[in-house]
Amino acid sequence: MKYWINKVVNRYCKDFGYKSLCEIGASLGGATDKLLEAHGIELTVIDPCLDADLCAKYSTDKRITICRGLSLAMIPKLSGTFDCILIDGDHNWYTVFNELTEIEGRGLLRNGGTIFFHDVGWPYGRRDLYYQPDTIPDAFRHAYARNGIVYGRSELSSNGGQNSEVCNAKMEGGEKNGVLTAIEDFLERARDEYVLFCFNDECGLGVLVRKNGIKSRMTLAKWRFLCAIWNIFGGFKNAIKHRFTNVYDAIRRGVTKAEPNPENTILIP
Ligand SMILES: C[S@@+](CC[C@H](N)C(=O)[O-])C[C@H]1O[C@@H](n2cnc3c(N)ncnc32)[C@H](O)[C@@H]1O
């Protein structure tokens, strides 16, 4: 999410006059620090503090409230409404779908507010990641492994690929799998109330806007236009990046064309 804060989030929030923000999933606070560069905001952060003690880091900053814990345990304890919510916590269907359901059920996003999501594109748009698999009910947890993800391949790779240090669903796609799938499933019930558009770059940034009460339809149209333009260049950049990443990965693993094993296929997106 950090990548998107100065490029999109802070500018967007300024355009709409957003002041009260909630960030779900902060890790070391990289995006948090950038959010705090904006003038006059108040920020609530929900994070289990697996990577850093955020309570200690922000103990002297009165603009921040840290809620230490998992989103689905902490969201029900929140009160008031937020102009903007950023979701970049546990990147799996169960968590994101239920975060959205709770946010809506408790009326935490004010009319005209926006939810930003990181990782609506590859690799987690259509594939679950589990930071703590035990916290996901069995019925909603796909088979997973600490193996790498290769662009264009559903199966994980036991030899290379990306993000092999975390628990990734073994297969990509299908029902109830991935961040974007969770948002789409949520919208099945609430489609008329929201607009969704996505920046297809750097793992994808989803922008979900509550139409009712939006301050300026012109400003929203401007951002949708900027997103469309961004995607022309972002799509091109991603195609090149995935191609070179796959080729580099295959070379690193010592792949030759003679090996028919799908593990060794060089995928050209
Ligand atoms: C991708 S990192 C966040 C990066 C951060 N947004 C940034 O841009 O610097 C995801 C973080 O979410 C946190 N996390 C994992 N499961 C969570 C959950 N269920 N609720 C809230 N946060 C969670 C973990 O602490 C993890 O470091």
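Helices (H or I, at least four residues) and strands (E, at least two) are DSSP runs, numbered from the N terminus. This report uses those elements to describe a predicted model, in which local features need pLDDT of at least 70, side-chain atom pairs count only at pLDDT 80 or more, and totals for chains, interfaces and linings use all residues. Residues are numbered from 1 along each chain as its sequence is written.

Two strands are said to pair if DSSP finds at least two bridges between them. By this rule, seven strands make up an open sheet with mixed pairing, in the order 3-2-1-4-5-10-9. Strand 3 (64–68) and strand 9 (194–199) each have a single partner strand, so one side of each edge strand is left without a neighbour in the sheet. From one strand to the next, the twist averages 15°.

Strand 5 (residues 109–118) and strand 10 (residues 205–210) run antiparallel and are joined by five bridges. Within this pair, Phe117 is placed opposite Gly206 of strand 10. Strand 10 is also joined to strand 9, again antiparallel, by six bridges. Here Val195 has Val209 as its bridge partner.

Strand 9 and strand 10 form a hairpin with five residues between them, and Glu202 in the turn has a positive phi of about 45°. Cys203 lies in the loop between strand 9 and strand 10. Its phi is near 70°, a positive value in a residue other than glycine.

Helix 6 (residues 179–190) lies across strand 5, strand 9 and strand 10, and runs at about 160° to strand 9. For such angles, axes are lines fitted to C-alpha atoms, for helices over the stretch in contact, and the angles run from 0 to 180 degrees between N-to-C directions. Two residues are in contact if their C-beta atoms, placed from the backbone, lie within 7 Å.

Two bridges connect strand 6 with strand 8 (residues 167–169), and Tyr130 stands opposite Cys167 in strand 8.

Tyr144 lies in strand 7. Tyr144 and Ala169 are 25 residues apart in sequence, yet 4.1 Å apart in space, C-alpha to C-alpha.

## Core and burial

A residue is buried if 20 or more other C-beta atoms lie within 10 Å of its own, exposed if 12 or fewer, and partly exposed in between, with C-beta atoms placed from the backbone. The table applies this rule to selected residues.

| Residue | Other C-beta atoms within 10 Å | Class |
|---|---|---|
| Leu28 | 13 atoms | partly exposed |
| Cys49 | 16 atoms | partly exposed |
| Gly152 | 14 atoms | partly exposed |
| Cys203 | 21 atoms | buried |

A nonpolar core is a set of buried Ala, Val, Leu, Ile, Met, Phe, Trp, Tyr and Cys residues joined through C-beta atoms within 7 Å. The largest such core has 57 residues, of which Leu21, Val45, Ile85, Leu86, Val179 and Ile183 touch the most other members. Helix 1 (residues 2–16) gives the most to this core, with six residues. In soluble globular proteins, nonpolar side chains tend to be buried together.

## The ligand shell

A residue is near a molecule if its C-beta atom, placed from the backbone, lies within 6 Å of it. Of the 20 residues around the ligand, Gly25, Ser27, Gly30, Ser71 and Gly89 come nearest. Helix 2 (30–35) and strand 2 (42–47) each supply at least two residues of the shell. The shell comprises nine nonpolar, six polar and five charged residues. In this grouping, Ala, Val, Leu, Ile, Met, Phe, Trp, Tyr, Cys and Pro count as nonpolar, Asp, Glu, Lys and Arg as charged, and the others, Gly among them, as polar.

## Loops

Leu28 is found in the loop between strand 1 (20–24) and helix 2. Apart from residues up to four places away in sequence, Leu28 touches Asp51 and Ala52. Cys49 belongs to the loop between strand 2 and helix 3 (54–57), and has a positive phi near 60°.

Pro123 is in the loop between strand 5 and strand 6, and the peptide bond from Trp122 to Pro123 is cis, with omega near 10°. Gly152, in the loop between strand 7 and strand 8, is 9.6 Å from Pro123, C-alpha to C-alpha.
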